[in-house]
Amino acid sequence: MPLQFYDTRKRRKIPFKPLTAGRVKMYTCGPTVYKDATIGNFRTYMFEDLLRRTLQFLGYEVTQVMNITDVDDKTIREAHSLEVPLSDITEPVIKRFFRDIDSLKIEHAEYYPRATDYIPEMIELIKRLLDNGNAYIMDTNVYYSIASFPEYGRLSGMKLDKLERGVRINADEYEKEDFRDFALWKGWTEEDGDIWWESPWGRGRPGWHIECSALSMKFLGEEFDLHTGGVDNIFPHHENEIAQSVAATGKSFARHWMHSAHLMVEGEKMSKSLGNDYTLKSLREKVEGKGYYFSIAAFRLALLSTHYRKPLDFSVEDFLVENRLALVRLWLLRNAAELAILDGGIRPEIEIAIENAQTHFKSALEDDLNISASLASLFILVTEVNRLKSVRGLTKSEGKRLLEQWREFDKVLGVLFWDEEDEEDEELQSKIEVKVRERLRARLERRFDDADRIRDELKGNGYQLDDGKDETVVIWSGGRKIVKNKINNS
RNA sequence: GGCGGCGUAGCCAAGUGGCUAAGGCGGAGGUCUGCAAAACCUCUAUUCAUCGGUUCGAGUCCGAUCGCCGCCUCCA
């Protein structure tokens, strides 16, 4: 099957062909760093991670840009109210942003340009728009004139004359020629304090939309392959980006637009007033507050396993019981493969099962990132391997072959290999190990009541024990740990 | 009001014209086991929000209805 993605503009799946064969240039709208990213933001970043990893898996060389908006109304408001420099607000948030995406194993983009580092590029772009007659100066502000761009509204399906004057328009913006025009450059006002840049139109700062146009052109060129973001960005943000970019360059800008649906919490939109605008940190606290282990791997799987165009209704309760168990099933295949001890070749049934899984995994991804079908192919492989394993254990070469394939799948999924080294809490780990050894000793001494009590206690906390001949494998949704049985003999 | 999306088993979730409707979680029974866990085997949607229509044939196309959701100027 040829690779195809849904395109927001065409409203259907279309074959994906990059401008340069084998290379994909993608632009992904990044965070505004005035407060920590929410799990809703991460849903979008996870979608982009899946897209990126899938393209790489299919052999494309990917160049991804994610902007960091480190100056806008909200960052300025924060800085102003706390009476601190802008960077005091943005720097810590940026630091935590990277910490969070790393813990989710979201691969890094090639470039993370910050808006404040590219003000000259934005000014340059605004100049071109003024020269082309697509923008006008009003007092100290520069506005984009929507009337000058006939194609406005094509991405979102908005009809210009149907746009109603929104309720959120500031009084000071009524001076625009047309209420639908948007700011390219905002002149300095008192609230901005010392946050301003010099421009041909006086001191001020760039509007939000111009940032993405300038940065994508800077790093990817005036035409590139993919532009992505959350659905809420379709209008007006991406519509405006197209208007600015196409008007300035005469080129088509992004060729393919992809947008991820929102994440809902317990059936409701995430919002501050409902108190469900979880960050990774507050979600962890919520889960741990209920007495559960917070599995970041299970959370990654939860975000990953719903198709990106379908709203994901995240429920803390469901999350606690569901994904971690599915994850363990996948992890156990790795156990089986690593612990294979038999001599001999690879059974044809295993080879066929692996090839089937590989084929279906790949073709599902090629069909607009059909992750559910991809994951299903893994579970089918697990079942088949387990069946054959119960007939006769796995050979070392089968184990090796399975591990190889598992690594291959994990290039896309990023959830199959989650080791104890990924678990931050060392204290927790040693506590588990002590318990496991206690139980091993009890078993050897045939004090089965004691052994069972310990096992039940661990299980109650989400740790599952797998008794092997030479070792006990502890598996939980945060990782796994192998304790050698012989340690216990000393 | 305008534009768009979604509604498949107890729960999550694939399937967009044609073999018996993937897969996961949960549940029931069995095998194995010191006992378990895991694993394996069997079972768990005559039916795809509802009602019409097109078709030899529809969850899948068309229309209507109901329900949920998003965007409509700076929220991923």
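Contact here means heavy atoms within 4.5 Å of each other. With that in hand, here are some notes on the structure.

1. **What you are looking at.** This is a predicted model, in which local features need pLDDT of at least 70, side-chain atom pairs count only at pLDDT 80 or more, and totals for chains, interfaces and linings use all residues. Residues are numbered from 1 along each chain as its sequence is written, chains are lettered from A and ligands numbered from 1 in the order in which they are written, and side-chain values use heavy atoms, with hydrogens and water left out.

2. **The chain overall.** Among the contacts in chain A with a separation of 6 or more, 76% join residues 24 or more positions apart. Chain A has 15 helices and 16 strands, taken as DSSP runs numbered from the N terminus (helices H or I, at least four residues; strands E, at least two).

3. **Burial and surface.** Of its 490 residues, chain A has 51% that count as buried; buried is under 20% relative accessible area, exposed over 50%, and partly exposed in between (1.4 Å probe, protein chains only). The chain exposes about 22800 Å², with carbon and sulfur atoms supplying 49% of that area, by the Shrake-Rupley method with a 1.4 Å probe.

4. **A helix pair to look at.** Helix α12 (residues 371-391) packs with helix α13 (residues 396-413) at an angle of about 160°, and their axes are 12 Å apart. Axes are lines fitted to C-alpha atoms over the stretch in contact, and angles run from 0 to 180 degrees between N-to-C directions.

5. From α12 come Ile 371, Leu 375, Leu 378, Leu 381, Val 382 and Val 385, and from α13 come Leu 402, Trp 406, Phe 409 and Leu 413. These residues divide into 10 nonpolar, no polar and no charged (nonpolar: Ala, Val, Leu, Ile, Met, Phe, Trp, Tyr, Cys and Pro; charged: Asp, Glu, Lys and Arg; polar: the others, Gly among them).

6. **Glu 398, worth a click.** Glu 398 is found in helix α13 and counts as buried because its relative accessibility is 0%. Leaving aside neighbours within four places in sequence, Glu 398 is in contact with Gly 345, Ile 346, Arg 347, Ile 350, Arg 392 and Gly 393.

7. **Its partner Arg 392.** Arg 392 lies in the loop between α12 and α13 and is partly exposed, at 40% relative accessible area. Not counting residues up to four places away in sequence, Arg 392 touches Leu 342, Arg 347 and Glu 398. Arg 392 and Leu 342 are 50 residues apart in sequence and 9.2 Å apart in space, C-alpha to C-alpha.
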